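Let us walk through this structure together, one part at a time. Keep the sequence and the 3D view at hand as you read.

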Amino acid sequence: MSTEDIDREVSREAQRINQEIEIERILRSFKLNPFDVLDIDYGIDEKSIKAIYRKKSLLIHPDKVKHERAVEAFDLLKKAESELSTPEKRYKVDCVVSDARMFLIKDLKLPLGVHDDHPSIKALHPPFKLQVKEKMKQLMIEDELRRRRAIKTQLANEGAEARKKDEEIDSKKRKAEEKKEWESNRDNRISGWRSFQKGDKEKKKRKKDKINVLG
């Protein structure tokens with residue numbers, strides 16, 4: 001094997017290792033935070049985001065990687081890029097960034113308008129951006145839990161409403177069946193009542209005749 005062949009083989013192996021590392025990183029990332037999935041800072045501009053996304057998507061594209069979870073990682077990467085490229089979704093993520101920064105800056109007792117290059121910010125350990133990332137995770141988890149609780153409450157209310165409607169339908173159906181049965185037995189009831197009246201009259205007549213005989 002020539003030196004060039006060895007170099008090509010080493011290059012392919014390095015590419016494969018980098019692909020596996022990136023896929024595993026994406027799968028371990030905090031899925032609710034697109035910055036974390038793309039492994040970028042929160043202040044990055046859209047043009048840079050697209051360039052980084054393109055580079056990473058080419059690296060782990062399922063057509064080029066044999067990793068069993070390549071498709072899952074690629075979809076997560078694509079979703080993260082879409083969230084940061086869509087104005088409405090990017091705004092929501094940026095709001096979380098702002099809230100996370102605000103909470104941390106308040107804890108540090110610094111002015112809310114302070115920039116990340118402030119000496120007090122730059123001197124922090126762990127780094128301020130890492131702390132913002134962790135605070136974002138906390139806020140996003142809380143928001144996701146609220147969202148899930150709201151969905152469960154809505155489903156429970158819809159279920160209760162559906163059960164109420166089913167009960168009303170069953171009640172109407174039962175009353176209709178009872179009415180139908182009542183109507184279908186009308187002739188029998190009339191016949192029975194007439195028989196009862198006839199029998200009662202005959203009984204009274206026999207009693208009267210008996211009294212007359214005794215008298």
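This is a predicted model: local features need pLDDT of at least 70, side-chain atom pairs count only at pLDDT 80 or more; totals for chains, interfaces and linings use all residues.

A word on exposure comes first: a residue is called buried under 20% relative accessible area, exposed over 50% and partly exposed in between, with a 1.4 Å probe and protein chains only. Residues are numbered from 1 along each chain as its sequence is written, and side-chain values use heavy atoms, with hydrogens and water left out.

Let us begin with the overall fold. The protein chain has 8 helices and 0 strands, and along the sequence its pattern reads α-α-α-α-α-α-α-α. Helices here are DSSP runs of H or I with at least four residues, strands are runs of E with at least two, and both are numbered from the N terminus. Of the 215 residues in the protein chain, 25% count as buried. Contact means heavy atoms within 4.5 Å. Among the contacts in the protein chain with a separation of 6 or more, 59% are between residues 24 or more positions apart.

Which residues of α5 are buried? They are R90, V93, V96, V97, A100, R101, L104 and I105. Seen down the axis of α5, these buried residues fall within an arc of 165°, so they line one face of the helix. The arc is taken from the directions that run from the helix axis to the C-beta atoms. An α-helix has 3.6 residues a turn, so residues three or four places apart point the same way. On the other side of α5, you will find P87, E88, Y91 and K92 exposed. The cover over the buried residues of α5 includes α2 (34–38), α3 (46–60), α4 (70–85) and α7 (128–184).

One of those covering helices, α4, holds E81. E81 is buried, at a relative accessible area of 11%. Its side chain is joined to that of S85 by a polar contact of 2.7 Å. A polar contact is a pair of N or O atoms within 3.5 Å; within protein, one must be able to donate a hydrogen and the other to accept it, and residues adjacent in sequence count only if both atoms are side-chain atoms. Leaving aside neighbours within four places in sequence, E81 is in contact with L38, I49, K50 and Y53.

Next, turn to the open space. Rolling a probe the size of a water molecule over the atoms shows where empty space is left. A pocket is found on a 1 Å grid over the protein atoms alone, as an open set of points with protein on both sides within 12 Å along at least five of seven lines, and lining residues have an atom within 4 Å of a point. The largest pocket has a volume of about 440 Å³, where grid points are joined across faces, edges and corners and the volume is the space filled by probe spheres set on the points. Its lining has 19 residues, of which L32, V96, M140, D143 and E144 lie nearest the centre. The elements that give two or more residues to this lining are α2, α4, α5 and α7, and α7 gives the most, with 6 residues.

Two residues of α7 are worth a visit. D143 sits in this helix and is partly exposed, with a relative accessible area of 44%. D143 and V96 are 47 residues apart in sequence, and their C-alpha atoms are 9.9 Å apart in space. K137 also lies in α7 and is partly exposed at 33%.

Finally, look at the backbone in the loops. Most residues other than glycine have a negative phi, and most peptide bonds are trans. D39, in the loop between α2 and α3, has a positive phi of about 60° although it is not a glycine; its relative accessibility of 47% makes it partly exposed. K109, in the loop between α5 and α6, likewise is not a glycine and has a positive phi of about 60°. K109 is exposed, at 73% relative accessibility. A cis peptide bond, with omega about 0°, joins H125 and P126, and P126 is found in the loop between α6 (119–122) and α7.

Definitions and conventions: On a 1 Å grid over the protein atoms alone, a cavity is a set of points where a 1.4 Å probe fits but cannot get out, and a pocket is an open set with protein on both sides within 12 Å along at least five of seven lines; lining residues have an atom within 4 Å of a point.
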